[in-house]
Amino acid sequence: MYVFDVGEDDITKLNKALEYPEMKNMDLIIPLVFKNSFNALSNYAKQHSIPLVNPMSTMESILDNEYVFKIQPNEQAEARTILTYIQEKHRDAQVIVLFDDANTSKSLLNWYKTNITSFVPEGSWTMINYKKNGTKLKNYLKTGKQNIIINIIENKGETEKTYSNKLIQTIAGFSPSYSVSLFAEYRWLEYPNIDYNSLNKVDFHFTLTYLNDYTNPNFVDFVKDYRNNFKTEPDKIYAALGYDIMMYFVSALREKGDNFMQNPNTKNMQNMINHYRFKKADTNKGWQNETTTIYKLENYKIQSEWSH
């Protein structure tokens with residue numbers, strides 16, 4: 001294993017590292033760098049046919065190289081996870097998708113419009129333009145059923161903080177007359193103006209690839225080893241993410257050898273904290289991880305609810 005400190009986006013340092021003769025024969029490269037350095041590494045990896053793992057980027061453009069492995073799922077994969085969860089766990093639920101023409105990803109909105117009927121029966125779902133009809137949200141709820149509200153509105157900065165608080169307070173006001181679960185963004189939990197009592201009332205759910213989840217026995221085993229080695233707790237996500245990348249890719253490379261790039265998926269993932277399942281759009285594209293986890297806030301604690 002070779003470790004190079006190339007800075008976050010320092011092309012000069014990166015080029016010096018790539019001058020090492022050993023680099024051309026690497027079986028795997030895992031860079032923690034920003035856009036410019038990653039693009040340079042992507043070209044190098046493609047030239048020398050080396051698998052290249054991007055742990056953090058959400059940009060679809062990095063998949064233009066067939067040797068790239070993108071760990072963070074795209075928004076459609078996360079949406080599919082939510083709808084699959086509803087299909088398997090809450091088949092009779094009433095599903096409401098909140099969108100806003102100005103602040104919703106068009107590709108995500110179109111994906112829901114095209115695919116929701118494959119997961120939720122006709123008549124059991126609706127899509128609401130919140131800016132136009134948000135005041136009528138209660139009219140779409142059903143008594144005696146679980147009402148699942150999926151927020152796909154992406155506001156910015158202070159606007160989102162205000163919006164998130166208002167939406168949570170509104171939905172919390174529907175309790176106990178209606179049973180409601182809200183799916184939104186993890187970052188809402190970090191806003192200082194959020195009322196956790198209301199969050200519990202709305203049965204708050206979110207999707208995330210990585211979280212220090214002490215209800216996950218594999219994560220607990222990892223933490224014990226981490227404490228023994230480093231005498232501290234792992235950071236927010238990076239330690240666990242790095243562990244899983246090494247566990248997955250080193251094992252898969254040893255198992256599959258030269259066939260790894262043709263079919264990188266493996267069942268040898270017993271000790272991983274979160275599993276990976278890779279798929280590519282076509283032969284000229286890189287591999288996209290499609291696995292994410294649904295978490296929920298229950299009794300003021302975050303716990304893993306479901307993974308797909």
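A crossing of two helices is left-handed if the near helix is turned anticlockwise from the far one by less than a right angle, and right-handed if clockwise. Keep that in mind for helices α1 and α2, whose crossing is right-handed.

This is a predicted model: local features need pLDDT of at least 70, side-chain atom pairs count only at pLDDT 80 or more, and totals for chains, interfaces and linings use all residues. Residues are numbered from 1 along each chain as its sequence is written, and side-chain values use heavy atoms, with hydrogens and water left out.

Helices (H or I, at least four residues) and strands (E, at least two) are DSSP runs, numbered from the N terminus. Start with α1 (residues 11-18) and α2 (residues 35-47). Their axes come within 10 Å and cross at roughly 25 degrees. That makes α1 roughly parallel to α2 (an angle under 35 degrees). Axes here are lines fitted to C-alpha atoms, for helices over the stretch in contact, and angles run from 0 to 180 degrees between N-to-C directions.

Which residues of α1 and α2 make the contact? Helix α1 brings Ile11, Leu14 and Leu18, while α2 brings Asn36, Ser37, Ala40, Leu41 and Tyr44. Contact means heavy atoms within 4.5 Å. By class, this contact has 6 nonpolar, 2 polar and no charged residues. Ala, Val, Leu, Ile, Met, Phe, Trp, Tyr, Cys and Pro count as nonpolar, Asp, Glu, Lys and Arg as charged, and the others, Gly among them, as polar.

Now look for open space. On a 1 Å grid over the protein atoms alone, probed at 1.4 Å, a pocket is an open set of points with protein on both sides within 12 Å along at least five of seven lines; lining residues have an atom within 4 Å of a point. Of its 29 lining residues, the closest to its centre are Met1, Tyr2, Ile29, Ile30 and Pro31. The largest share of the lining, 8 residues, comes from α9. The lining divides into 24 nonpolar, 2 polar and 3 charged residues.

The second largest pocket has a volume of about 840 Å³. Glu78, Glu185, Arg187, Thr207 and Leu208 are the closest to its centre. Helix α3 gives the most to this lining, with 5 residues.

Finally, check the backbone. The peptide bond from serine 175 to proline 176 is cis, with omega near 5 degrees. Proline 176 sits in the loop between α6 and β6.

Definitions and conventions. Angles under 35 degrees count as roughly parallel, over 145 as roughly antiparallel, 65 to 115 as roughly perpendicular and the rest as oblique. Grid points are joined across faces, edges and corners, and a volume is the space filled by probe spheres set on the points.
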